[in-house]
Amino acid sequence: MTAAILLGLSAALFYGTGDFLAGFASRAIGVLRMMFWSQVTVSVGMAAAMCVAGLGAWRPVYGAGWAVWGWAIGSTFLILGASGLYFRALQVGRFSVVTPVMACYGIVAALCAAALGEPLRASVLPGVILAIAGGVVSSIPPAGAGGDDPGATVARGGGEGVWLAALSACFYGAGFCVQGRFVTPYLGALGTVWAFYTVGMVVLLAVALLMRGDITFPGQHYGAVTALTGLLSGLAYLSLSVAAGLGSIALPTVLSSLTSMVTVLQARLIIREPVATHQWLGMVGVLVGLAVLNLG
């Protein structure tokens, strides 16, 4: 198993578990509040890690030019926007509906990387079609979806959740590709993750002040859940950044989109969220499509 494959699968596991927790936290304390404290957790944690690593970890951050920081800030806006859309989709939709749609970000990233020059053969087109079709099928709610389970779609939220997840996939894919190509080679893996979460923390603080949003500390219980969500997302982000530093963007990013399978399976096993037969088939389509795409 190559390093790129291992890092991509690690990112999928970390992202999938973090997204599962984020679904509950965002419903309880709100998207903005949850995102802000997640960013704070990882920003502080990465700063501590870089201090332990020594001056060598900080040197690329201070030595990067304005162009690098411009790409870093731009990609941060893309990924933050994607996260906000996705967490909102988790608020109004079912785990088993929105996560497979969001998982198509790997395809977006792979196509963007190919457009920027990373080798991607035309033979992977069937994989793209399969994955997209699987995401669409998975996004169709089970008959009579609703009820009182924690993953149930709230009123009129099904369609909205699908579109939010689709936009999230586009923003995630473009953001990860930009970071892998124009940021990580210059800031390094640790510097890229620290920069993203620190810039994101400042942006979310500004948004909260402008919108008078509530970003007070959510208390011990949800504070711990939010911190764990941030930690898992940070580890996933670090995995992708390390892979990008090794020169591979498309493969690990596509593999990381298996996060949807992790989240849906956890929802099925832990909160007993129902998954219809056609949704299982759709998820299989996503898996097969991603596998074919990886062969390219």
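Colleague: What share of the protein chain is buried?
Modeller: Of the 296 residues in the protein chain, 53% are buried. Bear in mind that this is a predicted model.

Colleague: And how many helices and strands does the secondary structure come to?
Modeller: The protein chain has 13 helices and 0 strands.

Colleague: Surface next. What is the accessible surface, and how much belongs to carbon and sulfur atoms?
Modeller: The accessible surface is about 12,600 Å². Carbon and sulfur atoms hold 73% of that.

Colleague: On to packing. How do α1 and α10 cross?
Modeller: Helix α1 covers residues 3-29 and helix α10 covers residues 220-245. Their axes come within 8 Å and cross at roughly 155°. Angles over 145 degrees count as roughly antiparallel, so α1 is roughly antiparallel to α10.

Colleague: Left-handed or right-handed?
Modeller: The crossing of α1 and α10 is left-handed.

Colleague: Then α2 and α4, what is the angle there?
Modeller: Roughly 130°, with the axes of α2 and α4 coming within 10 Å. The two helices are therefore oblique to each other. Helix α4 spans residues 66-92, and the crossing of α2 and α4 is right-handed.

Colleague: Which residues make that contact?
Modeller: From α2, the contact uses Val31, Met34, Met35 and Gln39. From α4, it uses Leu80, Ser83, Gly84, Phe87, Arg88 and Gln91.

Colleague: Glutamine 39, then. Buried or exposed?
Modeller: Glutamine 39 is buried, because its relative accessible area is 6% and the cut-off for buried is under 20%. Glutamine 39 sits in helix α2, residues 31-53.

Colleague: What does glutamine 39 touch, leaving out residues up to four places away in sequence?
Modeller: Glutamine 39 touches Leu80, Phe196, Tyr197, Gly200, Met201 and Leu204. Of these, Leu80 is also listed in the contact between α2 and α4.

Colleague: Which residues of α12 are buried?
Modeller: The buried residues are Thr259, Ser260, Met261, Val262, Thr263, Val264, Gln266 and Ala267.

Methods: Residues are numbered from 1 along each chain as its sequence is written. This is a predicted model: local features need pLDDT of at least 70, side-chain atom pairs count only at pLDDT 80 or more; totals for chains, interfaces and linings use all residues. Side-chain values use heavy atoms; hydrogens and water are left out. Buried means under 20% relative accessible area, exposed over 50%, partly exposed in between (1.4 Å probe, protein chains only). Helices (H or I, at least four residues) and strands (E, at least two) are DSSP runs, numbered from the N terminus. Accessible areas come from the Shrake-Rupley method with a 1.4 Å probe; for residues, only the protein chains shown count as cover. Axes are lines fitted to C-alpha atoms, for helices over the stretch in contact, and angles run from 0 to 180 degrees between N-to-C directions. Angles under 35 degrees count as roughly parallel, over 145 as roughly antiparallel, 65 to 115 as roughly perpendicular and the rest as oblique. A crossing is left-handed if the near helix is turned anticlockwise from the far one by less than a right angle, and right-handed if clockwise. Contact means heavy atoms within 4.5 Å.
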